[in-house]
Amino acid sequence: TMVPELFEQGLDDFFYNQETIPLYKTATYELNTTGLKLDLPALTVLKKTLEAECAEAKAYIYAEIYSHIKTKYPGTNKKNQFNVGASQQLAWLLFGELGLEFNTLTNAGKQACRDLGLKLPYSPGPKRQFIATCLKAEGTIQQPEAIVNGKKVKAKKFKAPWAYIAADKKALSTHAPRYKWISSLLEYQRKMKLLNTYIEGLEEKVQYGIIRPSFLQHGTSTGRYASRSPNFQNLPRSDQRIKECIVARPGKVFVSADFSQLEPRT
């Protein structure tokens, strides 16, 4: 559908002969077919190492927080186990049980705040008021039953405040200097992301020791390439162990090069 517009704007020669298609036939095609070689034994070792590091960090975290969670989450069955990956349970521990000051509300929390007739809390007093008001309103009707676009929508009830408070990386980082277990939790989350997003992502897509990400020539509005399945343009900088599992083929080397201020200079 865009072809007629190319000709109308006089961009047909640029598209077909000068840049877009020639680049696609050469660099983009090579990027998407050649692929990158993985050191599979090294990847396996790294996976086991990260699993062990995560297990150790998780054990330390639970040992540190057990006295605070044992009454509500004794861990005697699946229903009463505390999960450090559950943001609502983590918010309860941090901002309810430990009484720490939270940073921000989730989008649902902001809506609940408005429905409760409160202003968005930015200081300690209003934040404590939001928690107290939510605890009193928990289980009451937030939005009544209604008909939307001909469909019946059930009534919406207020939840506990922990469902509305963000227990994200920013919130954790605020309190990490005071609590060593929170620093360990941040490290645990980072390593779990390496395991789930990168290592397992590589294992799922590797064929005969080769991984072939999709490099998209049209992937951004600025003209830069994008990458997906998996995204090889955003491999972790903080932990080089993932990059170390990507190796050059025999007789080849990797070369790193960068133009200084390329965009303004060209």
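Okay, a definition to start: Ala, Val, Leu, Ile, Met, Phe, Trp, Tyr, Cys and Pro count as nonpolar, Asp, Glu, Lys and Arg as charged, and the others, Gly among them, as polar. Hold on to that for the pockets.

Some ground rules. This is a predicted model, where local features need pLDDT of at least 70 and side-chain atom pairs count only at pLDDT 80 or more, while totals for chains, interfaces and linings use all residues. Residues are numbered from 1 along each chain as its sequence is written, and side-chain values use heavy atoms, with hydrogens and water left out.

Let's go to Trp92. You'll find Trp92 in helix H5, residues 87–97; helices here are DSSP runs of H or I with at least four residues, strands are runs of E with at least two, and both are numbered from the N terminus. Is Trp92 buried or exposed? Trp92 is buried, because its relative accessible area is 9%, and buried means under 20%, exposed over 50% and partly exposed in between, with a 1.4 Å probe and protein chains only.

So who touches Trp92? Skipping neighbours within four places in sequence, Trp92 contacts His68, Ile69, Lys72, Tyr73, Phe82, Glu97 and Trp162, where contact means heavy atoms within 4.5 Å. Trp162 sits 70 residues away along the chain, yet the two C-alpha atoms are separated by 5.3 Å.

Now the helix pair. Helix H4, residues 40–69, packs against H5 at an angle of about 65°, with the axes 11 Å apart. Those axes are lines fitted to C-alpha atoms over the stretch in contact, and angles run from 0 to 180 degrees between N-to-C directions. On the H4 side we have Ile65, His68 and Ile69, which meet Trp92, Leu93 and Glu97 of H5. By class, that contact has four nonpolar, one polar and one charged residues.

Last, the second largest pocket, with a volume of about 350 Å³. On a 1 Å grid over the protein atoms alone, a pocket is an open set of points with protein on both sides within 12 Å along at least five of seven lines, and lining residues have an atom within 4 Å of a point. Points are joined across faces, edges and corners, and the volume is the space filled by probe spheres set on them. Which helix gives the largest share of the lining? That's H3, with three residues. The lining includes Phe14, Phe15 and Tyr225, and divides into five nonpolar, four polar and one charged.

Terms used. On a 1 Å grid over the protein atoms alone, a cavity is a set of points where a 1.4 Å probe fits but cannot get out, and a pocket is an open set with protein on both sides within 12 Å along at least five of seven lines; lining residues have an atom within 4 Å of a point.
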